[in-house]
Amino acid sequence: MTNDARATEVDSAITSPFLRACRGLEPQHTPVWFMRQAGRSLPEYLRIREGVPMLESCFRTDMVVEITMQPVRRHGVDAAIFFSDIVVPLKAIGVDLDIVAGTGPVVADPIRSVEQLSALRDLEPDDVTPITDAVRALVGELGDTPLIGFAGAPFTLASYLVEGGPSRDHRRTKALMYGDPDLWHALLGRIAAIAAQFLRLQVEAGASAVQLFDSWAGTLSPADYDTYVRPHSAAVLEAVADLDVPRIHFGVDTGELLSRMGEAGADVIGVDWRVPLADAIDRIGPDRAVQGNLDPTLLFAPTELLHARAAEIIDAGRAAKGHVFNLGHGVLPATDADALTRLVEFVHAYEPER
Ligand code: CP3
């Protein structure tokens with residue numbers, strides 16, 4: 001068989017619309033999933049989480065499986081995202097942290113000195129057994145629907161570790177970055193190793209794609225992103241390249257960083273809603289697929305407007321190597337779950353201009 005023939009055979013064996021779009025192959029319909037689809041917009045999620053702290057639920061195999069499945073059953077999305085949080089691998093290696101409802105991750109002893117780096121040991125498979133068990137169970141239950149594994153990117157995780165909690169301006173994080181570049185690079189190197197191992201374990205347990213969330217990268221100038229952050233994100237993405245699953249890379253408010261995030265090496269770049277998708281595709285270039293980018297607040301708008309905006313995004317996505325429909329950031333907790341289901345139906349039924 002020629003290489004081309006072999007490639008065609010491999011391509012046609014990929015049937016999932018989500019995986020096809022990630023790889024730049026024509027999908028049967030525009031694939032759609034939603035960041036934060038597993039969560040507070042679903043009454044069944046609120047019920048199962050009653051009385052169970054967030055982090056505890058992330059380490060309970062039965063809960064991870066059930067919560068991950070909920071949006072797949074309800075909305076018929078083209079991919080599941082494994083229910084967890086970006087701080088879970090840090091918790092798993094013993095970092096003293098919690099996820100406080102309405103606030104986010106809070107770290108008891110923020111990391112600001114070289115001595116504290118020893119708290120960030122390598123992640124071992126045994127640290128996350130309940131999680132890899134959940135991934136294995138999910139892959140069986142999901143059948144043809146792919147499971148996306150994920151991790152937090154080094155900068156975003158460093159921000160929580162250095163600030164000690166959520167931050168608007170990330171000033172302590174940046175003070176460390178500018179003031180002690182050696183410690184900064186050592187810290188991001190440690191986090192990159194942990195994130196890469198977390199992704200690897202999820203894929204080895206059966207996840208068919210991974211997303212690296214650099215939610216707060218948009219707070220950086222392009223030059224600072226290149227100097228202090230991109231090499232570490234690139235190291236995470238490179239560390240899982242051999243697994244041959246699509247790698248998605250996403251951040252918020254990253255209009256000025258999109259081409260640079262692409263250079264970090266992912267196969268798919270997530271785009272937030274502040275940039276028109278056509279402009280994002282120009283910036284990212286022809287070598288990568290895109291994911292996004294409906295403003296999550298449009299789910300609170302009249303249906304006609306919501307659908308018109310979704311259609312514009314699908315039409316614009318035709319110019320990319322591949323397009324996975326998503327929101328430009330996570331589902332807002334107050335979102336009407338039925339509106340999400342109807343949006344999935346609309347995206348699947350819409351025939352883009354060709
Ligand atoms: O459906 C999914 O997307 C999977 C689950 C998921 C969660 N967190 C569950 C969660 C994913 C992918 C994440 C990633 C995550 N966590 C990111 C990157 C994505 C992004 O939104 O930019 C970040 C920055 C975090 C850190 C974090 N954890 C925040 C900011 C919060 C929200 C705090 C709040 O209560 O408003 C969390 C908590 C969290 N993670 C919740 C969920 C469902 C809410 C906790 C609850 O239900 O009580």
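I began with N293, which lies in strand β8 (residues 289-294), where strands are DSSP runs of E with at least two residues and helices are runs of H or I with at least four, both numbered from the N terminus. The peptide bond that leads from G292 to N293 is cis, with omega near -5 degrees.

I noted the basis of these entries: the model is predicted, local features need pLDDT of at least 70, side-chain atom pairs count only at pLDDT 80 or more, and totals for chains, interfaces and linings use all residues. Residues are numbered from 1 along each chain as its sequence is written, and side-chain values use heavy atoms, with hydrogens and water left out.

I then traced the sheet, which is open and has seven strands in the order β1-β4-β5-β6-β7-β8-β9 with parallel pairing; two strands pair if DSSP finds at least two bridges between them. β1 (80-81) and β9 (323-327) are at the edges with a single partner strand each, so one side of each has no neighbour in the sheet. For β1, I found two bridges to β4 (residues 147-152), and these strands run parallel; I81 has I148 in β4 as its bridge partner.

I looked up H170 for its backbone, and its phi is near 55 degrees, a positive value in a residue other than glycine. H170 is placed in the loop between α8 (154-163) and α9 (171-179).

I turned to the ligand and its shell of 26 residues, of which R36, Y45, D85, S215 and H329 come nearest; a residue counts as near if one of its heavy atoms lies within 4 Å. Both α3 (43-49) and β3 (104-107) supply at least two residues of this shell.

I listed polar contacts, meaning pairs of N or O atoms within 3.5 Å. The side chain of R40 has an N or O atom 3.0 Å from an oxygen atom of the ligand, a backbone N or O atom of G102 lies 2.8 Å from a ligand oxygen, and for a side-chain N or O atom of H329 the distance to a ligand oxygen is 2.7 Å. Taken alone the ligand exposes 870 Å², of which the protein buries 91%, with areas from the Shrake-Rupley method and a 1.4 Å probe.

Technical notes. A polar contact is a pair of N or O atoms within 3.5 Å; within protein, one must be able to donate a hydrogen and the other to accept it, and residues adjacent in sequence count only if both atoms are side-chain atoms.
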